[in-house]
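Here is a quick look at a ligand site and what surrounds it. Have the structure open as you read.

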Amino acid sequence: MIELRDVHKAFGPNHVLNGVNLALPKGESMVIIGGSGTGKSVLLKCVLGLVTPDKGEILVGGAPADKGSRDAFLARFGMLFQGGALFDSLPVWQNVAFRLLRGAQKRPKDEARAIAVEKLRRVGLKPAVADLFPAELSGGMQKRVGLARAIAAEPEIIFFDEPTTGLDPIMSGVINELIREIVVEMGATAMTITHDMTSVRAIADRVAMLHGGVIRWTGPVSEMDATPDPYVQQFIHGRAEGPIESVR
Amino acid sequence: MTLTYPFAVLGRQVLGFLAAVGRIAIFALTGISHLFRPPFYPKEFLTALLQIGYFSLPVVGLTTLFTGGALALQIYAGGARFSAESVVPSIVAIGMARELGPVLGGLMVAARVASSIAAEIGTMKVTEQIDALTTLSTEPMKYLVAPRLLAATLAVPVLVGIGDSIGIMGGYLVGITRLDFNPATYLKNTREFLEFWDVASGLWKGAAFGFIVALCGCYFGMNSARGAQGVGRATKTAVVTASVLILAANYVLTEVFFSA
Ligand SMILES: Nc1ncnc2c1ncn2[C@@H]1O[C@H](COP(=O)(O)OP(=O)(O)OP(=O)(O)O)[C@@H](O)[C@H]1O
Ligand SMILES: [Mg+2]
């Protein structure tokens, strides 16, 4: 479904991606792990075309991501941004239903609102939240609204950038389950970035570790614990000693 | 090397300046082109109209009121040197309509609107809201920029028209209370010597200035650097650039309109 071939991206002298190769089959859930600042968010943005790679190819459904109709391409995606990226001029429900209120997927206001409230419920938020503004919510609540917005139009491909950071353990559990459900029930293809190893085990079919601008290791989640790769081992056990430097 | 160094610096700055002008021009054309291609966002347009037009009324009104009053005093003092005090009403009217209404209105709107547009769009940029718009299949140039360009271009001429009237009224109030003009004569002189083109040229200027204000706000907001500092710098640059461009455009338009 998604394939990256030798993707490079640098910001000035800062070489973030140095030839990323990655393939994600349809209907699978991949988790990307890797140290802070290794370029995980940049990787997702490259696929969405928000960041233009310097080199390399990105295929979505077999077709190059940067060719063809941009609207049709983006309509297949849902994205949760790391910072939530809610529109602070709009109330929560209009954020969630943004796609349902305009453009190709436009529908009546009541219907859009009902869907928004339902999606909010799925991320553990009460209907009363619908009429608040993003600035009135806590960080974790904003994150969950962002999650609701990402899944509102039931996209085929969903990207989650750290869906559980800033959430309490119970809420994290709810969100992990939700992501799993979306993949299993809706047949969506998901790519999730997370630092939370519990989430990795709950969400992932496959795991990929980004380090030094390349995919250091990738494989089924069941093989993650047994891999001898010292980078993966250090990361999943959270050791200070190992090949990954602690000052980056 | 040391001899050519200043020229190298100068050359780089000129090139940088030209590149920036080119980028702003392309940005402006892209923004305008989105006004003619669906989907349209009427709600965004109306909100912008309200923000830019309606809420700028008090600022523009007060500015022109005081300026009209001061203008009457100055022209009276100047006119008295060659016993031409009677020109006060017509000069106040012509000065307000042709020059001070649009320029002061434009500058006040630049201070109020270019800054708020740049800060708003800049904040959206650094908090990834612009990226989020794109992923939600909404073109930011169409959703954020085009409505503001149109709203400012339409709203500022109206503000200028109202500002002209208030400024002339300021002159009138000073004229009849402080300078012993007969109210009826003052109004008659104002009406008789003010020509249609005096007012119309000012309104055209207003439209141009409104466009400049929205363009600068949007452009520097969309190109804001990361972080709070980035947004702060974008806001400052937007206001300064809009103000300078307004004054420059004012000169050019005055040449075009009035040098026969
Ligand atoms: N728009 C940008 N301009 C300049 N540099 C950028 C930009 N976006 C990202 N970077 C740089 O790219 C690198 C990777 O950033 P990225 O946000 O992808 O990290 P990450 O792996 O998601 O980290 P984290 O886990 O902390 O979110 C960082 O060094 C960052 O400074
Ligand atoms: Mg990140």
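## How residues are sorted

A word on classes before we start: Ala, Val, Leu, Ile, Met, Phe, Trp, Tyr, Cys and Pro count as nonpolar, Asp, Glu, Lys and Arg as charged, and the others, Gly among them, as polar. Keep in mind that this is a predicted model.

With that sorting, the shell around ligand 1 splits into nine polar residues, three charged and three nonpolar.

## Where the ligand sits

Look for ligand 1 between chains A and B.

## Who lines the site

There are 15 residues around ligand 1, and the ones that come nearest are Ser36(A), Gly37(A), Lys40(A), Ser41(A) and Gln82(A).

As for secondary structure, helix 1 of chain A gives the largest share of the shell, three residues. Both that helix (40-48) and strand 2 (14-24) of chain A supply at least two shell residues each.

## Polar contacts and cover

On the chain A side, an oxygen atom of ligand 1 lies 2.7 Å from a polar backbone atom of Gly37(A). With Glu162(A), the pairing is between a ligand oxygen and an N or O atom of the side chain, 3.3 Å apart.

On its own, ligand 1 has 630 Å² of accessible area, and the protein covers 70% of that.

Note on methods
Residues numbered from 1 in each chain as written. Chains lettered and ligands numbered in written order. Predicted model: local features only at pLDDT ≥ 70, side-chain atom pairs only at ≥ 80, totals over all residues. Heavy atoms only, no water. Near = heavy atom within 4 Å. Polar contact = N/O pair within 3.5 Å; in protein donor to acceptor, adjacent residues only side chain to side chain. Areas by Shrake-Rupley, 256 points an atom, 1.4 Å probe, with all protein chains shown as cover. Helix = DSSP H or I, 4+ residues; strand = E, 2+ residues; numbered from the N terminus.
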